[in-house]
Amino acid sequence: MRETEPPQDRTAAAPTPLQSDCRSCFGLCCVVLPFAAGADFAVDKAAGTPCRNLQDDFGCGIHARLRDSGFQGCTVYDCFGAGQRVSQVTFGGVSWREEPSSARPMFDVFPIVRQLHELLRHLTEALTFEPARAVHAELRAALEETDRLAGGTPEEILALDVPAHRARIAELLLRASELVRAAVPRRREHRGADLFGARLRGADLQGANLRGALLVAADLSGADLRLADLIGADLRDANLAGADLTTALFLTQIQLNAARGDATTRLPATLTRPTHWPETSTSPAPAASRKPRGAARPQGGGRSGKPRRR
Ligand code: SF4
């Protein structure tokens, strides 16, 4: 489900492509995921049911007008390359339409591989963090192990204990994050915090731990989020106008696409400014001009958004 062009990412050096290639996918996200009619989707759709806009060639019939057609939810999702891997590798390029008996296992395998690819993406980014070099060997081992798991047969993938694997990787990523953020004194701790609608305009959140924080509709305009760990943070409708995210950790295109920003939002060089963001400043105050604290900067950039089906 797709809108922005596939962004460049810190995952470029990964052993497996971690950016979606919709042309090589059998429309898995457009079948597997459920919709609930509302702000994000124009209609209800049950999980495992092809979207009414999915075409015979697995293209999207409303690709160029998703948002105008009430399908903005399709624009804030990314499979991290899981779709083409499941379609072309796990199931050998034979679609669920060609081989209907493969539909159920293919639809069950896809979300598992998608989770593993998301981990691959984060591990690849963490390997670019120079201050985290003490854990690079563990990160590399975890990357190889996760890639091996994602490359299993359908039966092997369905038998995986993904929550346990995710927990191990999360711990490792946290250690990498802490090594990077250690350079920031008096950094804030907001892990898992309920910051729904919080007024954080202009806040100094440099190096903050915002892992899994609920930041829905939060006002982060003009906030300093450099080196802030945003893994799993819910940024839907958060106001990022004028915010500085240039070195935010584990920031994804999905998060950006779901948030509200503008021309003054500062992004990592490896992520793309969502096309639906205004091309002008929307904030009454100019973007904050801050004196860098000299904090250690990770090398590289962030990740990707629900791709559009072409
Ligand atoms: S991208 Fe298009 S085909 Fe896929 S779910 Fe969204 S509207 Fe349907």
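**Helices H2 and H3**

H2 passes H3 in a right-handed crossing; a crossing is right-handed if the near helix is turned clockwise from the far one by less than a right angle, and left-handed if anticlockwise. The model is a predicted one, in which local features need pLDDT of at least 70 and side-chain atom pairs count only at pLDDT 80 or more, whereas totals for chains, interfaces and linings use all residues. Residues are numbered from 1 along each chain as its sequence is written.

Select residues 82–90 for H2 and residues 103–126 for H3. Helices (H or I, at least four residues) and strands (E, at least two) are DSSP runs, numbered from the N terminus. The axes of H2 and H3 are 8 Å apart, and the angle between them is about 130°. Axes are lines fitted to C-alpha atoms, for helices over the stretch in contact, and angles run from 0 to 180 degrees between N-to-C directions. H2 and H3 are therefore oblique to each other. Angles under 35 degrees count as roughly parallel, over 145 as roughly antiparallel, 65 to 115 as roughly perpendicular and the rest as oblique.

Next, display the side chains where the two helices meet. On H2 they are Ala82, Gly83, Arg85, Val86 and Thr90, and on H3 they are Met106, Val109, Phe110, Val113, Arg114 and His117. Two residues are in contact if their C-beta atoms, placed from the backbone, lie within 7 Å. This contact of H2 with H3 has six nonpolar, three polar and two charged residues. Here Ala, Val, Leu, Ile, Met, Phe, Trp, Tyr, Cys and Pro count as nonpolar, Asp, Glu, Lys and Arg as charged, and the others, Gly among them, as polar.

Keep H2 selected. Seven of its nine residues are buried, so H2 is largely enclosed by the rest of the structure. A residue is buried if 20 or more other C-beta atoms lie within 10 Å of its own, exposed if 12 or fewer, and partly exposed in between. The buried residues of H2 are Ala82, Gly83, Gln84, Arg85, Val86, Ser87 and Thr90. Their cover includes H1, H3, H4 and helix H5 (154–158). After H2 comes glycine 92, which has a positive phi, near 60°.

Return to H3 and view it from the side. Its 24 residues should span 34 Å at 1.5 Å a residue, and its end C-alpha atoms are 35 Å apart, which agrees. The expected span is 1.5 Å times one less than the number of residues in the helix. Of the 24 residues of H3, 17 are buried, so the helix is largely enclosed by the rest of the structure.

Among the residues that make the contact are Leu116, Leu120 and Leu123 of H3, and Leu139, Leu143 and Thr146 of H4. By class, the contact of H3 with H4 comprises 11 nonpolar, three polar and one charged residues.

Now select helix H6 (residues 162–181), whose axis comes within 11 Å of that of H3 and crosses it at roughly 15°. H3 and H6 are therefore roughly parallel to each other, and their crossing is left-handed. Ile112, Gln115, Leu119, His122, Leu123 and Ala126 in H3 face Val162, Arg166, Ile169, Leu173 and Ala176 in H6 as contacts.

Select valine 76, in the loop between helix H1 (29–32) and H2. Is valine 76 buried or exposed? Valine 76 is buried, as 24 other C-beta atoms lie within 10 Å.

Phenylalanine 80 is in the loop between H1 and H2. Its phi is near 55°, a positive value in a residue other than glycine. Phenylalanine 80 is buried, with 29 other C-beta atoms within 10 Å.

Finally, move to phenylalanine 250, in the loop between H6 and helix H7 (253–258). Phenylalanine 250 has a positive phi, near 60°, and counts as buried, with 23 C-beta neighbours inside 10 Å.
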